[in-house]
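Subject: Structure handover

Hello,

Here is the structure for your files. Notes on what was found in it follow below.

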Amino acid sequence: MNAMFRSLAGVNYRIWFAGALISNVGTWMQRTAQDWFVLTELTDNDAAAVGVTMALQFGPALIIGPLAGIIADRMPGRRLLAITQIAQALLALALGLIIVLGIAELWMVYLLALGLGIATAVDAPARQTFVGELVGTADLPNAVALNSASFNTARLIGPAAAGLLTVLVGAGWVILINVLTFAAMLVALGLLREAELQPMQKTTRGRGQLRAGFQYVARRADLVVVFTMVFLVGTFGFNFAIFTATMARVEFGRDAAEFGLLSSILAIGSVVGALLSARRERPRLRVIVLAAIGFAGSMVVAALMPTIEFFALALIPIGFFALTMITSANAYVQTTTRASIRGRVMALYLTIFMGGTPIGAPLLGLVANELGARWAMGVGALAGLLAAVVAVLWMRSTRNLRIRRHPAADPWWRLRVRYDGDDVERRELDLETATQEIAIVEAEARKT
């Protein structure tokens with residue numbers, strides 16, 4: 001099988017992929033319908049209200065995310081995922097019914113968004129670590145990238161379908177359709193072949209397990225840098241519902257159909273980015289940095305577009321760089337973390353990534369209300385640029401990395417690595433190898 005799709009050679013991963021794809025289509029349908037309903041039906045084009053909804057939906061990750069990691073490290077992933085899928089289906093059912101019955105109020109949507117956020121916070125680290133049980137460590141980066149491709153292929157279909165159906169039948173019925181798609185994920189979990197799973201060793205109850213996760217990340221300077229980058233871009237850059245909704249409605253005066261179409265067009269670049277990530281045998285830190293720079297530049301270009309047609313085209317590179325960055329960061333964290341603590345580390349990663357939304361989404365909503373959607377996109381661009389600066393400063397200063405052009409006809413930049421105070425042979429290394437060497441040197445220094 002083509003290296004890009006090598007994880008699909010396993011039956012279990014094929015079953016998982018199919019179920020996740022159907023479920024993700026429904027998830028994107030609900031997100032699109034919900035955000036549009038809040039913006040146009042429950043408020044008078046109030047972007048801040050959309051931001052608060054997003055904050056409530058992602059906020060619980062800040063509080064219970066690390067605890068969810070402990071649950072993921074202790075509890076069988078298959079059983080835990082079944083529980084979270086049922087919980088999310090029930091919450092979607094409640095939201096769809098109150099809209100269809102005409103009794104929905106803003107506080108009700110806020111409350112259900114909070115419930116969904118709690119369920120998602122528990123689901124996310126379990127979902128991330130369970131992928132390793134499906135394919136094993138060798139194919140984990142490929143599986144992570146294909147998961148992103150599935151999620152964003154669904155993003156191509158879901159928002160466009162939701163935009164059209166919202167116009168035809170209303171937001172409530174769109175959300176009720178999502179309830180049905182959860183069955184696909186539950187069926188997939190039931191069909192998995194138990195004998196072919198590669199379960200990770202689960203931890204037993206004990207003191208200090210939450211603290212151990214924090215300590216592990218704190219000792220890994222490379223992970224701290226990646227987490228910082230993900231926080232900056234996740235908090236202020238990945239608020240696409242606010243950007244596209246306000247640009248469609250306020251800047252260009254369009255309706256739900258165009259809003260859904262813009263979200264789907266954004267996913268075109270995301271799918272391409274995810275598939276290209278799937279071709280790489282291992283995640284590379286330099287790719288994360290370059291993608292952050294590309295994300296910042298493409299956000300600026302999109303913010304300056306004069307018509308909705310040009311704006312739609314400008315969304316494609318945004319999706320590409322956004323998914324390249326986040327997929328590479330996700331795979332990097334998973335593949336460089338030992339299996340016994342991976343659930344807690346991934347929970348912290350997802351807490352940083354999703355937990356910043358309660359801060360960024362309302363602020364960007366206020367910026368969009370006061371200064372316009374274009375300025376809100378400018379804030380996202382600045383976050384991408386700052387994330388890249390943080391990484392470059394760490395490479396050049398904290399670890400004394402020196403960057404120069406390699407004299408050979410190699411298109412990549414090479415690094416000369418120097419560790420102060422350590423007897424390490426000076427040699428040229430590419431960026432990802434340099435990061436691994438740094439982690440090894442730090443570990444050896446602590447042992448002595």
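How many residues does helix α1 have, and how far does α1 reach from its first C-alpha to its last? Helix α1 (residues 11-42) has 32 residues and reaches 45 Å, close to the 46 Å expected at 1.5 Å a residue. The expected span is 1.5 Å times one less than the number of residues in the helix.

This is a predicted model, in which local features need pLDDT of at least 70 and side-chain atom pairs count only at pLDDT 80 or more, while totals for chains, interfaces and linings use all residues. Residues are numbered from 1 along each chain as its sequence is written, and side-chain values use heavy atoms, with hydrogens and water left out.

The chain as a whole

The protein chain holds 17 helices and 3 strands; these are DSSP runs numbered from the N terminus, helices being H or I with at least four residues and strands being E with at least two. Of its 448 residues, 57% count as buried, where buried means under 20% relative accessible area, exposed over 50% and partly exposed in between (1.4 Å probe, protein chains only). Among contacts (heavy atoms within 4.5 Å) between residues at least 6 apart in sequence, 82% join residues at least 24 apart.

Helix α1 and its partner α5

In α1, 23 of the 32 residues are buried, so α1 is largely enclosed by the rest of the structure. The axes of α1 and helix α5 (residues 106-135) come within 13 Å and cross at roughly 160°. Axes here are lines fitted to C-alpha atoms, for helices over the stretch in contact, and angles run from 0 to 180 degrees between N-to-C directions. The two helices, α1 and α5, are therefore roughly antiparallel to each other, a term used for angles over 145 degrees.

On the α1 side, the contact residues are N12, Y13, W16, Q30, Q34, V38 and L42; they meet L106, V109, L116, R127, F130, V131, L134 and V135 in α5. By type, the residues of this contact of α1 with α5 divide into 11 nonpolar, 3 polar and 1 charged. Ala, Val, Leu, Ile, Met, Phe, Trp, Tyr, Cys and Pro count as nonpolar, Asp, Glu, Lys and Arg as charged, and the others, Gly among them, as polar.

Two single residues

T244 lies in helix α10 (residues 240-251) and is buried, with a relative accessible area of 3%. Not counting residues up to four places away in sequence, T244 touches F259, L262, S263 and L315.

D73 sits in helix α3 (residues 60-74) and counts as buried at 5% relative accessibility.

Regards

Notes:
Parallel < 35°, antiparallel > 145°, perpendicular 65-115°, else oblique.
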